[in-house]
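Here is a short note for your first look at this model. Please keep the structure open as you read, and find each residue as it comes up.

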Amino acid sequence: MPNLLAFTSLGGVQVGVDEAGRGCLAGPVVAAAVILPPDFFHPDLNDSKQLSRKKRDALRLVIEKDSLAWAIGICTPEEIDSLNILWASVAAMHKALDGISMHFDAIAVDGNKFKPYKDIPYTTEVKGDGRFLHIAAASILAKTHRDEIMESLDLQFPGYGWKDNAGYPTSAHRNAIRALGITPHHRKSFRLLPEQLSLF
């Protein structure tokens, strides 16, 4: 595993923030915010996309137990359609930060776009989930919590394969949209099918 850094150069108590689900056709975008202890280390901790589901699920339990604070923020498909996916992702990050129960001095955000949160200094870090421990921890919580939501929705709307594809644009998911139509959880502002003219 790569040697991830504990903190960015901003210093102080830092909260790592990341999201999951930006590229999906259905379901919410989910963000997580995490404050890790200064001496936290786990040999498997890395960008959630680089880990097996088994490792992500195991790390989720460790992070939720050992972090100083963590929180989840969610923006619904309706909010995504209203704000657009980029700013809905940032709004979900702000909601996650709202849920952090302790003081923090700085915010480390995965990616290159963010909006100021209160007056707290922040840094955007491209591929930050593969470079910083607290952002990697946030990526794992965001991904595992979102997968859990999509598994629950899969039970309510069988046929779209959300338990397996998590709402991403797989061929099976798109074939299901062709056969079954859309659900209230599909993002109407997205191009759900390559040949899309109107589905609703």
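1. Start with the largest cavity. Its lining is made up of Ala 6, Phe 7, Leu 36, Pro 37, Pro 38, Phe 40, Leu 133 and His 134. Bear in mind throughout that this is a predicted model.

2. Of the residues around the largest cavity, 7 are nonpolar and 1 is polar. None of them is charged.

3. Next, the volume. The largest cavity takes up about 40 Å³. How many cavities of 30 Å³ or more are there? The count is 1.

4. Turn to the largest pocket. Its volume is about 330 Å³. The lining has 21 residues, and those closest to the pocket's centre are Asp 18, Glu 19, Ala 20, Lys 49 and Asp 110. Find these five before moving on.

5. Which elements give two or more residues to the lining of the largest pocket? They are strand E1 (14–20), helix H3 (85–98) and H4. H3 provides the largest share, with 4 residues.

6. Sort the pocket lining by class. It has 10 charged residues, 6 polar ones and 5 nonpolar ones.

7. Now the helix pair. Helix H1 spans residues 53–66, and helix H4 spans residues 133–156. Their axes come within 9 Å and cross at roughly 115°. An angle from 65 to 115 degrees counts as roughly perpendicular, so H1 is roughly perpendicular to H4. The crossing of the two helices is left-handed.

8. Which residues make this contact? From H1 come Arg 53, Arg 56, Asp 57, Leu 59, Arg 60, Ile 63 and Glu 64. From H4 come Ala 137, Ile 140, Leu 141, Lys 143, Thr 144, His 145, Asp 147, Glu 148 and Glu 151.

9. The contact of H1 with H4 has 9 charged residues, 5 nonpolar and 2 polar. Leu 59 and Ile 63 are among the residues on the H1 side. On the H4 side, Ile 140 and Leu 141 are included.

Terms used:
Residues numbered from 1 in each chain as written. Predicted model: local features only at pLDDT ≥ 70, side-chain atom pairs only at ≥ 80, totals over all residues. Heavy atoms only, no water. Axes fitted to C-alpha atoms, helices over the stretch in contact; angles between N-to-C directions. Parallel < 35°, antiparallel > 145°, perpendicular 65-115°, else oblique. Left-handed = near helix turned anticlockwise from the far one by under 90°. Contact = heavy atoms within 4.5 Å. Nonpolar A, V, L, I, M, F, W, Y, C, P; charged D, E, K, R; others polar. 1 Å grid on protein atoms, 1.4 Å probe; cavity = no way out; pocket = protein on both sides within 12 Å on 5 of 7 lines; lining within 4 Å. Points joined across faces, edges and corners; volume = space filled by probe spheres on them.
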